[in-house]
Amino acid sequence: MNFHTRKWVRPTDLNPNSTLFGGRLLEWIDEEAALYTIVQLENKHIVTKFISEINFINAPRQGDIIEIGIEAVAFGRTSITLRCEVRNKLTREDILSIDKIIMVNLGEDGKPAEHGKTKIEYVKDRLSL
Ligand SMILES: CC(C)(COP(=O)(O)OP(=O)(O)OC[C@H]1O[C@@H](n2cnc3c(N)ncnc32)[C@H](O)[C@@H]1OP(=O)(O)O)[C@@H](O)C(=O)NCCC(=O)NCCS
């Protein structure tokens with residue numbers, strides 16, 4: 001799993017316990033999942049369909065640097081299934097895990113459309129073709 005995105009926990013990201021607000025972390029993860037899916041499926045018209053159990057393992061604190069990892073674990077006809085892990089960049093302490101995030105590829109009509117992808121692709125390989 002590649003951890004592409006780093007985030008700095010700022011005062012505006014905290015809950016009343018002075019740890020990272022879970023909703024903020026989910027916002028970051030949803031954006032990361034969307035970006036990952038757009039790159040994999042080569043289509044900007046995608047939506048989040050389903051997110052499985054979310055395990056908040058350890059709470060980050062103000063000033064912590066966290067990193068978000070996403071990888072594709074299955075390719076369906078119109079969907080892609082992702083797995084997510086978040087960890088502390090410096091200590092590698094686990095922060096969160098999600099086993100399944102289902103993203104759906106949409107056509108121009110806004111309905112699910114076949115994406116034609118079957119495996120993880122890398123942009124550098126596409127460009128060298
Ligand atoms: C995404 C949406 C278009 C799918 O509509 P739908 O009628 O469920 O479509 P389908 O039944 O054809 O399913 C589409 C894909 O999602 C999968 N899927 C649907 N419901 C699912 C669920 N509960 N869990 C896992 N996968 C699911 C299907 O298996 C299918 O994948 P496949 O083609 O790879 O087999 C529709 O539910 C929707 O617009 N939801 C709102 C999305 C949204 O607003 N997200 C937040 C903002 S991004």
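Which element supplies the largest share of the shell around the ligand? In this predicted model, the answer is strand β2, with 4 residues. Strand β2 spans residues 46-51. Both β2 and β6 supply at least two residues of the shell. Strand β6 covers residues 94-105.

The residues around the ligand include Val 47, Thr 48, Lys 49 and Phe 50. Gly 76, Arg 77, Thr 78 and Ser 79 are also listed there. Ile 102, Val 104, Leu 106 and Pro 112 complete the set. By class, the shell holds 6 nonpolar, 4 polar and 2 charged residues.

A backbone N or O atom of Thr 48 sits 2.9 Å from a ligand nitrogen. For Lys 49, an N or O atom of the side chain is 2.8 Å from a ligand oxygen. Thr 78 places a polar side-chain atom 2.7 Å from an oxygen atom of the ligand. The ligand taken alone exposes 950 Å², and the protein buries 47% of that area.

The strand pairing was examined next. Strands β1 (residues 2-8) and β4 run antiparallel and are joined by 6 bridges. Within this pair, Asn 2 has Ile 70 of β4 as its bridge partner. Strand β4 also pairs with β5, again in antiparallel fashion, through 9 bridges. Strands β4 and β5 form a hairpin, with 3 residues between the two strands.

How many salt bridges does the model contain? The count comes to 13. One of the pairs is Glu 42 with Arg 126, at an N to O distance of 3.4 Å. This pair links distant parts of the chain, 84 residues apart. Glu 42 lies in the loop between α1 (22-41) and β2, whereas Arg 126 belongs to helix α2 (residues 123-127). Glu 42 and Arg 126 are also members of a salt-bridge network that includes Lys 117 and Glu 121.

A second pair is formed by Glu 67 and Arg 92, with the closest N and O atoms 3.8 Å apart. Why does this pair tie together separate parts of the chain? Glu 67 lies in strand β4 (residues 65-75) and Arg 92 in the loop between β5 (79-88) and β6, so the bridge joins parts that are 25 residues apart in sequence. Is Glu 67 buried or exposed? Its relative accessibility is 3%, and Glu 67 therefore counts as buried, the cut-off being under 20%.

The side chains of Arg 83 and Glu 85 meet in a further salt bridge, at 2.5 Å from N to O. Both partners fall in the intermediate accessibility class. Arg 83 is partly exposed, with a relative accessible area of 24%. Glu 85 is partly exposed as well, at 27%.

Most residues other than glycine have a negative phi. Glu 42 has a positive phi, near 55°. Arg 92 likewise has a positive phi, near 65°. Glu 42 is placed in the loop between α1 and β2. Arg 92 is found in the loop between β5 and β6.

Where does the side chain of Gln 40 make a polar contact? Gln 40 is located in helix α1. Its side chain reaches the backbone nitrogen of Glu 121 at 2.9 Å. Glu 121 is itself part of the network with Glu 42, Lys 117 and Arg 126. Gln 40 counts as buried because its relative accessibility is 5%, below the limit of 20%.

Tyr 122 lies in the loop between β6 and α2. Its relative accessible area is 44%, so Tyr 122 is classed as partly exposed. The C-alpha atoms of Tyr 122 and Asn 88 are separated by 25 Å. Along the chain, Tyr 122 and Asn 88 are 34 residues apart.

Definitions and conventions
Residues are numbered from 1 along each chain as its sequence is written. This is a predicted model: local features need pLDDT of at least 70, side-chain atom pairs count only at pLDDT 80 or more; totals for chains, interfaces and linings use all residues. Side-chain values use heavy atoms; hydrogens and water are left out. A salt bridge is a side-chain nitrogen of Lys or Arg within 4 Å of a carboxyl oxygen of Asp or Glu. Buried means under 20% relative accessible area, exposed over 50%, partly exposed in between (1.4 Å probe, protein chains only). Two strands pair if DSSP finds at least two bridges between them. A residue is near a molecule or strand if one of its heavy atoms lies within 4 Å of it. A polar contact is a pair of N or O atoms within 3.5 Å; within protein, one must be able to donate a hydrogen and the other to accept it, and residues adjacent in sequence count only if both atoms are side-chain atoms. Accessible areas come from the Shrake-Rupley method with a 1.4 Å probe; for residues, only the protein chains shown count as cover. Ala, Val, Leu, Ile, Met, Phe, Trp, Tyr, Cys and Pro count as nonpolar, Asp, Glu, Lys and Arg as charged, and the others, Gly among them, as polar.
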